Amino acid sequence: MSLVLRLLTDEIYRIVYEEVDESDVSLYTFPSSQSSGRDHEEYRFPRAGTPNAKSKLKLVQFRLSENLRITDICIKELQCPLTFAFPWLEYIVRVGWTPDSKYVWAQLLDRPQQRLEVVLLPVDNFCEIYSSLSSSPNCGTVGGNHTAANTHQATTVPSTQSQQQQQQQQQQQQHQQTNAQSSTTGWRSPLDKSTRPMQVIYSETSSSWVNVHELLYFIELTDQEVTFLWASEETGFRHLYLVTSSLAAGGSNSNTSTITTSTNNSTTGSSSNSHSSSNSSCNSNTNSNASAGSHPSVSVTPGAVTQQQTVGAGTGAELNSNNVSSAQKTTTDHRTLPSIDGIGSTLMPRIVSKVALTAGRWEVLGRNVWYDRVHRLVYFMGLRETPLEKHLYVVALAQPNVLRLLTMPGYSFTVDFNDDCTIFLQTYCNIYTLPSWELIRISHDGAETEPGRPPTTGVPVSVDALELISVGYLGEGGPSENTQYNPSIHSPRISSGDVLYAMVFKPHNFTLGVKYPTVLNVYGGPEVQTVSNTFKGMRQLRMHMLASQGYCVVCVDSRGSRHRGVEFESYIRCRMGTVELADQVEVLRILADQLGYIDMDRVAIHGWSYGGYLSLMGLVQYPDVFKLSIAGAPVTSWEYYDTGYTERYMDLPDNNRSGYVAGSVLNYIQKFPDEDNRLLIIHGLIDENVHFYHTSQLVNRLVRANKPYQLQVYPNERHSLRNLEASKHYETKLLSFLQNHL
């Protein structure tokens, strides 16, 4: 459960939180790591293609007494459930408060993760379901709200005229019951004119997947419109935009919803890879893992949005009033479908303006944007100079695409600002230099105010007017003691024309003219960059250890890794495990030719997690290249891994059966070598991420095929080795296997 707290001016505290129902998620049992007598632990884990947990947003409101005791507790939930307004909704990926505390904002994502919408939820959309007070004037109780949900779930679409008449009678009965219930419980209808509708302020789709980021910053919010900073990859690279979206009320605010029921059924598949950029088309399979089937159409007025809603068992509703034939029946329902009539147009973003603040074939980083409200300047981190270095930039709202670099090329930076963007702390290093920490003050030439006098809000300043003044160092790095042991960075161009980045650790006993056994340290999956112009210290300790023992160590960021744009990253879509190693091997061969000290007859491949998966694939796809494989905590079949990660890159199993088959190590058992001492598998028995089941399935098949392997199990370890003794044993085992067999 995630919490976001907001303190209001009237001393009321509000926390918006996500309530998760995991009852439909499969339960798995693991050996217990506890010494308290428990022999097993249980985890909910949604494997690819199986039901996810269901989420809803709730709000708890309370006060603090003089002695700091919590009082006047009130729990609220949305009157119109998000899954009703957005039937394609699968994941609530980000939540927060607007600066004025009048709205909760949420980022909503569909199951294929190709459609994301940003929605504003007015606080008065949350209705009371529990109060510690004997009576509460704020809103009604849970009864009416649950009735609305239950009535909606019971709504079906008739296929004959008589069924329509029967349903009309049933709806009238339900309406009468609801009115009676509302009068006794005090439930406030979601169609109440005083309730502001939820409003979608931005929508984004992708043919691959939407990369969720943290770059949402509200600039100005009125009753009529909202202006905010947002980042989008619509050009192929993530860039910053200044967006203004309308909040003005549109459509009817009537307390009745006109529902048009059609007898024309349309059949949809279980999923789809394409999504309209508007709300007019929804994937029926993304509504809480609903099963596929025939989906009738229903329309609603005033129709600003066409929706496809899964209702009951395999029936749905499409809301649109533009195509009502004489054979269609119209019924009026005051209660069953909450909040459709008045907010139809608000479920589509109404963009007033959208200005690109940055552009080009480079990426704005997905975290940290700072806004100077006084001078209307935006500070952000990006990779304009090179994908290997993170730098700080500034752009003025009044001068889009006029950027100024505020950090020094040749180093990579991390930055943190104070609240008013007058001071920042920068941490910087490069591959040869230890990190330094420097405090910087920002001065605006000619725009400074007198001491003690508040600045004028909204004064635009050119980025050229900024002056950076060093306040001092918290710590200075400087060159490492043994610079000859620092790795080198290479940028070979492969046959596709792409430039890939690689990093090479020379053996410490390097002698010119000698070829050395080599370890390809691989990850190769999405969301990771292993090669960068940063100092390689403790996190690369194993690579330093191997180099000190006479091994050459190579790392490659192949296509599919991060920070290179959508096309580069989505190269692996729907075919994980089948394309990454071709890039890795091609770069390895180029480096062997260029450097002259890599012994291509003695190459081992080693990685953990996704890298463990590719280490197994390397031995079956390139047995002539890799003499040894050391696979740590490997995925062996994507159908055993979780929904969120797997389906983002591989789609659902039913939509990409060939990709799941081709990407499963278990389908290549006969290709594993017959020679002894070429395969070492390492796994923690209570791994809660990549379950040991992956390894057990692989071992079972290797045994049946009479294939040799070595297995090292750590009974009390999870996905990462956390105990010092286990880590020491692992390093010793790894080094021993290499020394004895490479």
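A residue is called buried when its relative accessible area is under 20%, exposed when over 50%, and partly exposed in between (1.4 Å probe, protein chains only). The structure discussed here is a predicted model, in which local features need pLDDT of at least 70 and side-chain atom pairs count only at pLDDT 80 or more, whereas totals for chains, interfaces and linings use all residues. Residues are numbered from 1 along each chain as its sequence is written, and side-chain values use heavy atoms, with hydrogens and water left out.

The account begins with strand β7, which spans residues 89–97; strands here are DSSP runs of E with at least two residues, helices are runs of H or I with at least four, and both are numbered from the N terminus. Trp97 belongs to this strand and counts as buried because its relative accessibility is 6%. Its C-alpha lies 9.8 Å from that of Phe218, although 121 residues separate Trp97 and Phe218 in sequence.

Strand β7 also contributes Arg94 to a salt bridge with Glu214, which is located in the loop between β11 (199–205) and β12 (216–221). A salt bridge requires a side-chain nitrogen of Lys or Arg within 4 Å of a carboxyl oxygen of Asp or Glu; in the pair Glu214 and Arg94, the closest N and O atoms are 2.9 Å apart. This pair links distant parts of the chain, 120 residues apart. Glu214 has a relative accessible area of 33% and is therefore partly exposed; Arg94, with a relative accessible area of 25%, is partly exposed as well.

The structure holds 26 salt bridges. Another of them joins the side chains of Glu647 and Arg111, with an N to O distance of 2.6 Å. Glu647 sits in helix α8 (residues 643–650) and Arg111 in the loop between β8 (103–110) and β9 (115–122), so that the pair links distant parts of the chain, 536 residues apart. Both Glu647 and Arg111 are buried.

A further salt bridge connects Asp498 with Arg559, the closest N and O atoms being 3.7 Å apart. Asp498 lies in the loop between β30 (488–490) and β31 (501–505), and Arg559 in the loop between β33 (552–557) and α5 (566–569), so the pair ties together parts that are 61 residues apart in sequence. Asp498 is partly exposed, since its relative accessibility is 24%, while Arg559 is buried at 12%. Elsewhere, salt bridges that share partners join Glu19, Lys56, Lys58 and Glu77 into one network.

Ser664 is found in the loop between α9 (657–662) and β36 (679–684), and its relative accessibility of 4% makes it buried. A polar atom of the Ser664 side chain lies 3.3 Å from the backbone oxygen of Thr636. Apart from neighbours within four places in sequence, Ser664 is in contact (heavy atoms within 4.5 Å) with Met617, Thr636 and Ser637.

Finally, four strands form an open sheet in the order β21-β22-β23-β24, with antiparallel pairing; two strands pair if DSSP finds at least two bridges between them. β21 (364–372) and β24 (399–405) stand at the edges, each with a single partner strand, so one side of each has no neighbour in the sheet. Within the sheet, the antiparallel strands β22 (residues 377–382) and β23 (residues 391–396) are joined by six bridges. Val378 stands opposite Val395 in β23.

Key. A polar contact is a pair of N or O atoms within 3.5 Å; within protein, one must be able to donate a hydrogen and the other to accept it, and residues adjacent in sequence count only if both atoms are side-chain atoms.
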